[in-house]
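Reader: I would like to go through a structure with you, starting with its charged pairs. Could you put it on screen?

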Amino acid sequence: MAKTQLGARVDQDVAELAKKRAADLGLSIGDYLARLVQDDASGLRARAVDAAARFLVEHQAVFDEAEHAEQTPRGANAA
């Protein structure tokens, strides 16, 4: 497929973050941005966020229990 050049201006910190993330994934900036757009347009990102939110809601009690266990001093419940 033919490639088209796009131009966009972003804050320096966003540019650096995009470059680092693309490098982490072994992608060029263009390929990284294309992947983000395709994921967004396909609804993949929205479905992933929704799934994560459902997981947290369904398992909140487990997280709360683990957090409580970390905050309770050892021996606090000893008779």
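Reader: In which helix do K19 and E16 both lie, and how many residues apart are they?
Author: Both lie in helix α1, three residues apart, about one turn of the helix. Helices here are DSSP runs (H or I, at least four residues), numbered from the N terminus. Please note that this is a predicted model, in which local features need pLDDT of at least 70 and side-chain atom pairs count only at pLDDT 80 or more, while totals for chains, interfaces and linings use all residues. Residues are numbered from 1 along each chain as its sequence is written, and side-chain values use heavy atoms, with hydrogens and water left out.

Reader: How far apart are the closest N and O atoms of K19 and E16?
Author: They are 3.8 Å apart, and the pair forms a salt bridge, that is, a side-chain nitrogen of Lys or Arg within 4 Å of a carboxyl oxygen of Asp or Glu.

Reader: How many salt bridges does a search of the whole structure find?
Author: Three. One of them joins D24 to K20, with the closest N and O atoms 3.3 Å apart. These two residues are four apart in helix α1, about one helical turn.

Reader: Which parts of the chain does the pair K3 and D31 link?
Author: K3 and D31 form a salt bridge with a closest N to O distance of 3.5 Å. This pair links distant parts of the chain, as K3 is in the segment before α1 and D31 is in helix α2, 28 residues apart.

Reader: Is K3 buried or exposed?
Author: K3 is exposed, at 71% relative accessible area, whereas D31 is partly exposed at 35%. Buried means under 20% relative accessible area, exposed over 50%, and partly exposed in between (1.4 Å probe, protein chains only).
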